[in-house]
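Here is a short report for a reader new to this structure. Look over the sequence and the model before reading on.

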Amino acid sequence: MDTVLITGGTGLVGRALSRLLTEVGYRVIILSRHKGIAPDNALISYAQWDVSRQTIDVEALQQADYIVHLAGANVADKRWTASRKKEIVNSRVQSSALLYDTLERYPNKVRKVISASATGYYGEDQGRAFVETDTPATDFLGTACVAWEESVLKMKQLGKKIVILRTGITLSKEGGALKEFYKPLKFGFATILGNGEQYISWIHIHDLVRLYLSGIVNHELEGIFNAVAPNPVQHKELVMTMAQVAKGKSFISLHVPSFALKIGLGEMSIEVLKSCNVSSAKIQQTGFVFSYPTIKAAMEKIFAPKQD
């Protein structure tokens with residue numbers, strides 16, 4: 001039984017990925033800062049690390065055949081003050097550095113590192129979909145993603161295969177951006193940000209964790225891939241589809257003007273209003289088939305009535 005070590009394993013994607021990995025027969029070790037977390041699955045265990053102190057459970061890492069690197073401060077949690085931006089970058093770069101240093105210093109059997117990145121790597125689209133070879137944006141998220149990816153790619157020097165998934169907006173009812181989009185809908189409002197014409201490159205969480213699994217089971221899979229569904233949509237289509245699937249006709253659409261977002265979110269509003277059309281062609285060419293290729297299919301799955 002192979003073992004997968006997951007950093008950031010207690011987050012939205014990490015929890016879903018852990019479930020999938022154990023379902024198909026992998027053992028999972030989740031690196032966490034906290035002690036004494038009781039595993040709810042016999043195939044899941046926890047080990048400690050502390051990125052700020054650059055400490056890690058070496059034995060846990062030595063048990064790993066694969067590392068899935070998801071750790072990093074949530075980009076959307078707080079306003080982007082200078083200190084918050086530093087925290088966002090450092091949490092990613094320093095965690096990668098800790099993994100690199102430990103892999104370099106201690107004997108291990110890690111074959112591949114599969115890491116998150118983000119479509120924030122790209123800037124405002126210019127009438128065509130971004131592909132993996134496009135140059136990065138020079139704004140905060142673009143430069144942060146470059147530093148993040150470089151810190152992971154360095155592990156190639158240790159003979160590790162690397163897969164990096166530039167992930168779009170991850171759709172899940174359990175958290176992330178969709179949970180925020182849904183909040184006003186509880187009160188009957190489908191809230192459209194700005195003019196709503198900005199393109200959103202998204203992915204259903206089920207497809208995202210399947211991509212991580214593909215990175216493990218497909219030994220030929222290596223390099224940088226966009227982790228986005230094949231059909232990006234304008235923000236207003238995403239919100240309206242969510243509203244129609246979840247509420248039928250029982251809602252009113254409401255635009256939040258750009259200036260209000262800029263006042264409320266500061267620099268982060270750039271990302272909310274940015275149009276980012278990203279291509280999934282490269283990952284599809286590897287044979288990966290999306291379970292939820294359209295926004296309607298994704299929303300119908302997310303808001304499907306629970307079965308008794």
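## Cysteines

Cys 145 is buried, with a relative accessible area of 2%. Note that this is a predicted model. Cys 276 also counts as buried, at 8% relative accessibility.

How many disulfides does the structure hold? The count is 0. Cys 145 takes part in no disulfide; its nearest cysteine sulfur belongs to Cys 276 and lies 9.9 Å away. A disulfide is a covalent bond between the sulfur atoms of two cysteines. For Cys 276, the closest cysteine sulfur is that of Cys 145, and 9.9 Å is too far for a bond. The cut-off for a disulfide is a pair of cysteine sulfur atoms within 2.5 Å.

## Helix 3 and helix 4

Two packed helices are described by the angle between their axes and the distance between the axes. Take helix 3 (residues 82-105) and helix 4 (residues 140-153): their axes come within 8 Å and cross at roughly 15°. Helix 3 is therefore roughly parallel to helix 4, because angles under 35 degrees count as roughly parallel. The crossing is right-handed.

Which residues make the contact? Helix 3 supplies Lys 85, Ile 88, Val 89, Arg 92, Val 93 and Ser 96. Helix 4 supplies Phe 140, Ala 144, Ala 147, Trp 148, Ser 151 and Val 152. By class, this contact of helix 3 with helix 4 has 8 nonpolar, 2 polar and 2 charged residues.

## Helix 7 and helix 11

Helix 7 (residues 235-247) packs with helix 11 (residues 295-302) at an angle of about 40°. Their axes are 9 Å apart. That angle makes helix 7 oblique to helix 11. Helix 7 passes helix 11 in a right-handed crossing.

On the helix 7 side, the contact involves Glu 237, Leu 238, Thr 241, Met 242 and Val 245. They meet Ile 295, Lys 296, Met 299 and Glu 300 of helix 11. The residues of this contact between helix 7 and helix 11 divide into 5 nonpolar, 1 polar and 3 charged.

## A positive phi in a loop

Most residues other than glycine have a negative phi, and most peptide bonds are trans. Gln 54 has a phi near 55°, a positive value in a residue other than glycine.

Where is Gln 54 found? Gln 54 sits in the loop between strand 3 (44-50) and strand 4 (55-56). Gln 54 is partly exposed, with a relative accessible area of 34%.

Technical notes:
Residues numbered from 1 in each chain as written. Predicted model: local features only at pLDDT ≥ 70, side-chain atom pairs only at ≥ 80, totals over all residues. Heavy atoms only, no water. Axes fitted to C-alpha atoms, helices over the stretch in contact; angles between N-to-C directions. Helix = DSSP H or I, 4+ residues; strand = E, 2+ residues; numbered from the N terminus. Parallel < 35°, antiparallel > 145°, perpendicular 65-115°, else oblique. Left-handed = near helix turned anticlockwise from the far one by under 90°. Contact = heavy atoms within 4.5 Å. Nonpolar A, V, L, I, M, F, W, Y, C, P; charged D, E, K, R; others polar. Buried < 20%, exposed > 50% of the residue type's maximum accessible area, 1.4 Å probe, protein only.
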